[in-house]
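Please open the structure in the viewer and keep the sequence beside it.

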Amino acid sequence: MKLTVIGLAVGLVLGVTAAWGGFGAMAIVAMMGALGALTGRFLDGQLDLSALGAGARHRGPR
């Protein structure tokens, strides 16, 4: 139920943003929301970004 309420709130915010600011404003709000969600998951310890750096180290020089 909690995720349903959060999804409803996000949808309402994006809808109001689209109605007042157009598609560009809605896209910016959606991108910032996704960035905030990723930041929150990282700070909660649910997102591991160590694999991003490991791939570049094991490739070697070009």
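A residue is called buried when its relative accessible area is under 20%, exposed when it is over 50%, and partly exposed in between. Please keep in mind throughout that this is a predicted model.

**The whole chain.** Begin by displaying the entire protein in cartoon form. It contains two helices and zero strands. Of the 62 residues, 2% count as buried.

**Helix α1.** Now select residues 2–44, which make up helix α1. How far does α1 span between its end C-alpha atoms? The distance is only 18 Å, while a straight helix of 43 residues would span 63 Å. Centre the view on Gly21, where α1 bends by about 140°. Then move to Gly45, the residue that follows α1; its phi is positive, near 85°.

**Thr17.** Return to helix α1 and select Thr17, which lies within it. Is Thr17 buried or exposed? Its relative accessible area is 18%, and Thr17 is therefore buried, since the cut-off for that class is under 20%. Display the side chains around it as well. With neighbours within four places in sequence left aside, Thr17 is in contact with Gly22, Ala25, Met26 and Val29.

**Ala30 and Val10.** Select Ala30, another position in helix α1. Ala30 is partly exposed, because its relative accessible area is 36%. Ala30 and Val10 are separated by 20 residues in sequence and by 8.8 Å in space.

**The nonpolar patch.** Finally, select Ile28, Met31, Met32 and Leu35. These residues form a nonpolar patch on the surface, and together they have about 430 Å² of accessible area. An α-helix has 3.6 residues a turn, so residues three or four places apart point the same way. Finish at Leu35, which is found in helix α1. Why does Leu35 count as partly exposed? Its relative accessible area is 48%, and this class covers values between 20% and 50%.

Conventions
Residues numbered from 1 in each chain as written. Predicted model: local features only at pLDDT ≥ 70, side-chain atom pairs only at ≥ 80, totals over all residues. Heavy atoms only, no water. Patch = residues over 30% accessible without salt bridge, like charges linked within 9 Å, V, L, I, M, F, W, Y side chains within 5 Å. Areas by Shrake-Rupley, 256 points an atom, 1.4 Å probe, with all protein chains shown as cover. Salt bridge = Lys/Arg side-chain N within 4 Å of Asp/Glu carboxyl O. Helix = DSSP H or I, 4+ residues; strand = E, 2+ residues; numbered from the N terminus. Buried < 20%, exposed > 50% of the residue type's maximum accessible area, 1.4 Å probe, protein only. Contact = heavy atoms within 4.5 Å. Expected span 1.5 Å × (residues − 1). Bend = angle between axes of the 7 residues up to and from the residue.
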